[in-house]
Amino acid sequence: MKIFPTASIKQLDAYTIGHEPISSIDLMERASQALAEAIAERWDADTPFTVFAGPGNNGGDALAVSRLLAEKGFRPEVYLFNTKGSLSPDCKTNRDRLKEVPGVVFHEITSEFVPPMLTAGHVVIDGLFGSGLNKALSGGFAAVVKYINASPATVVAIDIPSGLMGEDNSYNVQSNIIRADLTLSLQLPKLAFFFAENEPFVGEWQLLDIGLDKEGMEKMETDYYLAESEAMSGLLKPRSRFAHKGNFGHALLIAGSQGMAGASVLAAQACLRSGVGLLTLHVPFCNQFIVQTAVPEAMTELDVSDTCFASPTDTDDYQAVGVGPGLGQSAETEKALLELIESCQTPMVVDADALNILGRNRSYIARLPKGSILTPHPKELERLVGKCQNSYERLMKARELAETAGVHIILKGAYSAVIAPSGKCCFNITGNPGMATGGCGDVLTGVLLALLAQGYEAETAARLGAYVHGLAGDVARSKCGVMGMTAGDVVACLPEAWKSL
């Protein structure tokens with residue numbers, strides 16, 4: 001699914017109006033019908049609704065929804081803010097239509113506003129401003145937003161919470177943004193929905209199909225996408241009946257240090273649960289017996305050091321190399337990693353301490369082999385690109401790094417962003433808060449390593465690996481709940497996740 005900037009959504013509306021063809025007021029009616037249906041599915045007609053409508057098309061949607069809810073037996077109280085005496089044409093039309101409907105308490109605010117009583121039993125419909133907003137709310141509208149936010153009412157935002165901008169909110173005023181419990185987004189999500197700091201404003205979000213032109217969506221270019229399960233299934237390669245282990249690659253995993261054998265075990269188990277033909281683990285002597293006991297299917301290669309990774313190894317006989325889980329950041333490990341990067345021609349998965357070492361040696365990022373994947377969480381990314389004030393800036397810097405260094409990046413989070421060197425960004429939809437536990441990143445490294453070793457292109461491996469990793473986490477949640485999950489549970493659920501695809 002494509003994710004368009006708000007400017008492109010306006011173009012898509014215009015394309016639909018011109019090519020269906022349909023009038024703008026009828027398209028608004030269609031959107032409002034979808035909104036009213038979604039609201040009526042969640043609340044009954046006895047629920048007290050208070051609707052706040054602005055002077056633009058978002059307000060027009062809110063007025064139309066009020067009329068349609070009234071026709072379903074609801075009794076909304078509606079406040080239309082027309083302080084400048086200038087409504088959009090479609091907003092004006094829906095105001096006039098609403099005035100003809102019995103049972104609706106309607107107020108058109110032209111000067112003084114006396115706020116209504118909002119209780120915990122009320123549902124507020126926020127239709128003040130939509131996705132076209134390009135500056136922070138101020139004055140009277142900011143005061144209305146603060147009044148709504150201070151109330152105990154449940155808040156439903158139409159398309160996007162009023163005051164929130166669709167992409168970059170770096171210079172926004174957070175206290176002047178509606179804090180919605182539910183956002184009913186029209187047709188497509190907004191980029192801002194995928195950023196952690198916007199969760200208090202967006203709340204739960206639900207997409208409503210309003211019939212925007214599919215051909216228009218296909219033609220319109222964007223750098224942002226949302227992963228879908230159907231597309232993921234299509235990425236899997238079929239296996240020949242006559243296949244043998246040599247057909248599915250030999251992977252090398254360089255992981256673990258004294259006291260950190262578990263990271264190498266989790267990554268290795270995940271790699272073996274993701275279809276790799278052969279796996280060799282490069283480990284210090286102190287982890288040798290732990291690894292061979294916990295992962296008997298893997299071969300081991302001993303480092304010269306008893307306690308850490310201190311000696312780069314020949315990677316020519318491997319189809320993919322994974323490095324980082326539990327590696328440590330000793331001076332000898334740092335030296336060995338940089339030497340490995342200098343000599344390696346095999347695609348690499350770089351995670352954890354290997355990323356932290358790269359953060360101190362940023363020039364080596366561009367020396368990584370073609371087809372390599374970096375898997376930073378937000379703090380690890382900032383060690384590579386510098387401090388970021390919010391998720392939008394972090395995403396932009398990650399895209400810039402992917403383009404300049406020619407690497408693929410999985411920026412881990414609730415919606416992990418899979419970023420290609422082209423700048424294209426695909427948000428992952430699987431996973432849950434139960435995966436916020438030590439070792440889950442090591443599991444992802446193992447999954448990606450297996451896919452690269454099997455010959456999957458780096459972009460495909462990154463998208464498919466992130467999706468299946470999250471999907472295994474969702475299976476584990478269904479078995480263990482979010483509080484009781486461990487990274488080992490995610491590994492154990494990988495077969496079921498793969499099988500479901």
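The following conversation goes through a predicted model of one protein chain.

Trainee: What should I know about the model before reading any values?
Mentor: This is a predicted model, in which local features need pLDDT of at least 70, side-chain atom pairs count only at pLDDT 80 or more, and totals for chains, interfaces and linings use all residues. Residues are numbered from 1 along each chain as its sequence is written, and side-chain values use heavy atoms, with hydrogens and water left out.

Trainee: How many helices and strands does the protein chain have?
Mentor: There are 18 helices and 18 strands in the protein chain. Both are DSSP runs numbered from the N terminus, helices being H or I with at least four residues and strands E with at least two. The C-alpha trace spans about 85 × 45 × 40 Å along its principal axes.

Trainee: And what share of the residues is buried?
Mentor: Of the 501 residues in the protein chain, 57% are buried. Buried means under 20% relative accessible area, exposed over 50%, and partly exposed in between, with a 1.4 Å probe and protein chains only.

Trainee: Turning to annotations, which residues does the UniProt "binding site" cover?
Mentor: According to the unreviewed UniProt entry, the "binding site" annotation covers Lys412, Gly413, Ala414, Tyr415, Ser416 and Gly441. These residues span 30 residues in sequence, yet no two of their C-alpha atoms are more than 14.2 Å apart, so they gather at one spot. The lining of the largest pocket includes Lys412, Gly413, Ala414, Tyr415, Ser416 and Gly441. UniProt positions are in the numbering used here, feature names are shortened, and annotations may be inferred rather than shown by experiment.

Trainee: What counts as a pocket?
Mentor: On a 1 Å grid over the protein atoms alone, a pocket is an open set of points with protein on both sides within 12 Å along at least five of seven lines, and lining residues have an atom within 4 Å of a point.

Trainee: Where is glycine 441, and which residues does it touch?
Mentor: Glycine 441 belongs to helix α15 (residues 440-453). Leaving aside residues up to four places away in sequence, glycine 441 touches Asp351 and Lys412; contact means heavy atoms within 4.5 Å. Glycine 441 counts as partly exposed because its relative accessibility is 21%.

Trainee: And glycine 413?
Mentor: Glycine 413 sits in the loop between β16 (408-411) and β17 (417-419). With 47% relative accessibility, glycine 413 is also classed as partly exposed.

Trainee: New topic: how many salt bridges are found in the whole structure?
Mentor: The search finds 22 salt bridges, each a side-chain nitrogen of Lys or Arg within 4 Å of a carboxyl oxygen of Asp or Glu. One of them joins the side chains of glutamate 29 and arginine 67 (2.7 Å, N to O). Glutamate 29 is in helix α2 (residues 24-42) and arginine 67 in helix α3 (residues 57-71), so the pair ties together parts that are 38 residues apart in sequence.

Trainee: Are those two residues buried or exposed?
Mentor: Glutamate 29 counts as buried at 15% relative accessibility, and arginine 67 is buried with a relative accessible area of 8%.

Trainee: Which other pair links distant parts of the chain?
Mentor: Arginine 399 and aspartate 223 meet through their side chains in a salt bridge (2.9 Å, N to O). Arginine 399 is in helix α14 (residues 391-405) and aspartate 223 in the loop between α7 (214-219) and β9 (224-226), 176 residues apart. Arginine 399 is buried, with a relative accessible area of 11%, whereas aspartate 223 is partly exposed at 28%.

Definitions and conventions. 1 Å grid on protein atoms, 1.4 Å probe; cavity = no way out; pocket = protein on both sides within 12 Å on 5 of 7 lines; lining within 4 Å.
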